[in-house]
Amino acid sequence: MVYIIFLVAAIVVVGAAIKLNEFGDVISRKSALSGAAVGTFLIAGATSLPELTTSLTAVYIDNPDIAVGNMIGSNVFNLLILAIVDIIYRRRRLFQRVGYQEHKPAAIMGLIFMIIIIGALALPQSIEWFGVGIEMVVLALLYILMIKFFSNKGEEEKADEDLPVKDYKLKTAVTGFIVMALVVFGAGSALSISGDQLAQVSGLDSSFVGSFLIAASTSLPELVTVLAAFKVANYGMAIGSILGSNIFNMQLLVLTDILYRDQAILSAAGNSHIFIGLLGVFMTLVTIYLLWRPAISNQWRYIAPSMIVSLVYVVFSYIIF
């Protein structure tokens with residue numbers, strides 16, 4: 001029954017994430033928001049709901065390793081999604097179709113967040129403020145500043161305006177987006193809980209389970225969102241949804257720390273998460289490089305960084321396993 005629930009939940013998440021992206025694409029074209037802004041905030045927040053459910057469940061069962069590993073591991077897996085999609089659709093030159101300046105704030109902020117988490121994990125004891133790690137306060141303040149930065153940028157130039165997409169009224173798209181977000185939350189919750197049960201019967205370490213197995217399952221909406229964005233050629237939203245999800249996941253970790261009342265949650269988590277975080281830093285740096293580098297005509301030279309990222313992820317997963 002657990003396997004059936006997991007499979008059905010995964011199918012529902014896939015369908016809902018496709019519609020979520022569809023409505024988000026309409027919002028990006030009919031509102032003052034760019035594809036990157038929609039991806040970074042609206043879609044990123046909705047597709048991160050399964051991570052929230054998983055971590056809250058982990059807090060409830062007093063398993064901080066799954067809560068922390070799920071968030072960090074999901075960020076790493078999200079970047080792997082970009083690398084794999086870049087390899088599969090190498091002829092489209094994903095990273096050469098979007099502007100570096102448009103995605104630079106989200107990419108750099110994600111890198112800073114991960115470095116802060118690694119630093120807190122490396123400390124023998126976290127500095128606490130009302131039972132919450134001081135690093136979480138820093139993450140929350142930086143996120144608020146980033147939202148302010150995006151809100152002050154105004155309307156940005158939209159790419160691929162003339163591409164045919166399914167059309168809805170803006171009000172219909174907003175309503176549909178909210179409904180699909182709730183469906184993702186419900187199906188993602190079932191996916192996460194059943195995935196956690198499957199992980200428990202496997203006898204694997206909680207850090208590994210949270211960082212790789214559950215993280216991969218809760219990142220399914222991000223994968224479908226990126227593929228659906230490719231279908232309508234909204235490359236800005238494809239990258240923005242991943243970078244935005246990584247930032248949003250760190251804010252969910254802040255919420256998790258607030259609800260975990262024993263101590264600062266990073267102090268309760270194992271040191272093995274540092275290595276997952278370092279993998280995330282490496283993959284984020286490669287992503288920033290791909291966004292920044294000039295156009296490359298040779299197909300194999302173009303996909304070399306994405307292939308390296310994918311290989312490092314596989315090797316690292318095996319070593320941690």
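The lining of the largest cavity consists, by class, of 9 nonpolar, 5 polar and no charged residues. Here Ala, Val, Leu, Ile, Met, Phe, Trp, Tyr, Cys and Pro count as nonpolar, Asp, Glu, Lys and Arg as charged, and the others, Gly among them, as polar. The model is predicted, with local features needing pLDDT of at least 70 and side-chain atom pairs pLDDT 80 or more, while totals for chains, interfaces and linings use all residues. Residues are numbered from 1 along each chain as its sequence is written, and side-chain values use heavy atoms, without hydrogens and water.

A cavity is a set of points, on a 1 Å grid over the protein atoms alone, where a 1.4 Å probe fits but cannot get out; lining residues have an atom within 4 Å of a point. Points are joined across faces, edges and corners, and a volume is the space filled by probe spheres set on them. The count is 4 cavities of 30 Å³ or more.

| Cavity | Volume | Helix giving the most lining residues |
|---|---|---|
| Largest | about 80 Å³ | α5, 6 residues |

Helices (H or I, at least four residues) are DSSP runs, numbered from the N terminus. The largest cavity holds about 80 Å³ of space. Its lining has 14 residues, of which N75, G110, L111, N246 and T284 are the closest to the centre. Two or more lining residues come from each of α4 (64-88), α5 (100-122), α10 (235-259) and α12 (273-292).

Residues lining the second largest cavity include L79, F95, M283 and S306. At least two lining residues each come from α4, α12 and α13 (299-320). This lining has 8 nonpolar, 2 polar and no charged residues.

Note on methods:
On a 1 Å grid over the protein atoms alone, a cavity is a set of points where a 1.4 Å probe fits but cannot get out, and a pocket is an open set with protein on both sides within 12 Å along at least five of seven lines; lining residues have an atom within 4 Å of a point.
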